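Okay, thanks everyone for coming.

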Amino acid sequence: EAVCKIKRFEIPTNWLVYSGHDFGSANPAALFFAQVKLPLPPGAPPYMRLNDLVCFKEYLPGGMSVPSHVNNFREIVAPWLAVNKEWHPAKSVGGNLTTEDDSRRLFGLHGWNITAPAITRVNAQIERVIGLMELNKVYCFDDNVHWLEELMICLWEIDNEGKPTDKVKGESKYHLSACARGLLSELPPETVTGQNKYAS
């Protein structure tokens, strides 16, 4: 938290943007990440590295239509669209592999293409995110208070002997964390190096 919870700065429009999504009529959610390029902009922590990821926007709107969501997404990425009208995220990932194709298709019809995560098991997704976080590769602006709260209170269920299980307690209520694990587990492993390792 002392390193990766950071003050907001202006994300350069030449940084790649990724979005993670969690579907649902009542509790849809999204997280937007940008991939660090050098040199760092003013206000960015000086220790950030090439290809680190910055969560710059959380999205928890409540019930809305898909066109309204897509319009809101475009507002979030408006600086990039102002530079290039044909711009689109480098990758948008979300939903369950088998049961939410219709949701992804509907967003695509309105101009926001979302793919299913390649890794579908929740615990495997979590392991990938933990690997990135342990190496301080994922940063979050401190005004994204809802995702930060999820990260602080998310715990493993405890069994009858007081030992942690491999099941997240109340996993279905962590909508922003679902966005993060779906997207971040899609990116190359945290041990892979190379300037464009996240580019698709």
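Let me start with a question: is F141 buried or exposed? Keep in mind while you look that this is a predicted model. The answer is that F141 is buried, with a relative accessible area of 0%.

So what sits around that side chain? F141 is in strand β6. If we skip its neighbours within four places in sequence, F141 is in contact with I6, K7, R8, F9, I11, V54, C55, F56 and L148. One more pair to look at here is F141 and K57: they are 84 residues apart in sequence, yet their C-alphas are 7.9 Å apart in space.

Now take I11, one of those contacts of F141. Again leaving out anything within four places in sequence, I11 is in contact with A34, V54, F56, W80 and F141.

That brings me to the nonpolar cores. The largest one has 29 residues, and the ones with the most contacts inside it are F9, I11, F32, M48, V54, F56 and V77. Where do the residues come from? At least two each are supplied by β3 (29-35), β4 (53-59), α1 (66-76), α2 (78-83) and β6 (138-141). The largest share, four residues, comes from α1. There is also a second, separate core of 19 residues, and Y18, L31, V93 and L184 are among its members.

Okay, on to charges. How many salt bridges does the structure hold? Six, and I'll show you three of them.

First up, D142 and K7. Their side chains meet in a salt bridge at 3.1 Å, N to O. D142 is in the loop between β6 and α5 (145-153), while K7 is in the loop between β1 (5-6) and β2 (17-22), so this pair ties together parts that are 135 residues apart in sequence. As for accessibility, D142 is partly exposed, at 24% relative accessible area, and K7 is exposed, at 60%.

Next, D143 and R8, where the closest N and O atoms of the salt bridge are 2.8 Å apart. D143 lies in the loop between β6 and α5 and R8 in the one between β1 and β2, so here too the pair ties together parts 135 residues apart in sequence. Both partners are partly exposed: D143 has a relative accessible area of 38%, and R8 has 42%.

D102 and R105 meet through their side chains in a salt bridge at 2.8 Å, N to O. Both are in helix α3, three residues apart, which is about one turn of the helix. D102 counts as exposed, at 60% relative accessibility, and R105 is partly exposed, at 48%.

Last stop: E100. You'll find it in the loop between β5 (91-94) and α3 (101-109). Which side chain of opposite charge is nearest to E100? That would be R104, 5.1 Å away. A salt bridge needs the nitrogen and the carboxyl oxygen within 4 Å, so E100 is buried yet has no salt bridge. Apart from neighbours within four places in sequence, E100 is in contact with F23 and G95.

That's my tour. Happy to go back to any of these on the screen.

Conventions
Residues numbered from 1 in each chain as written. Predicted model: local features only at pLDDT ≥ 70, side-chain atom pairs only at ≥ 80, totals over all residues. Heavy atoms only, no water. Buried < 20%, exposed > 50% of the residue type's maximum accessible area, 1.4 Å probe, protein only. Lys, Arg positive; Asp, Glu negative; His and termini not counted. Contact = heavy atoms within 4.5 Å. Core = buried A, V, L, I, M, F, W, Y, C linked by side-chain atoms within 4.5 Å.
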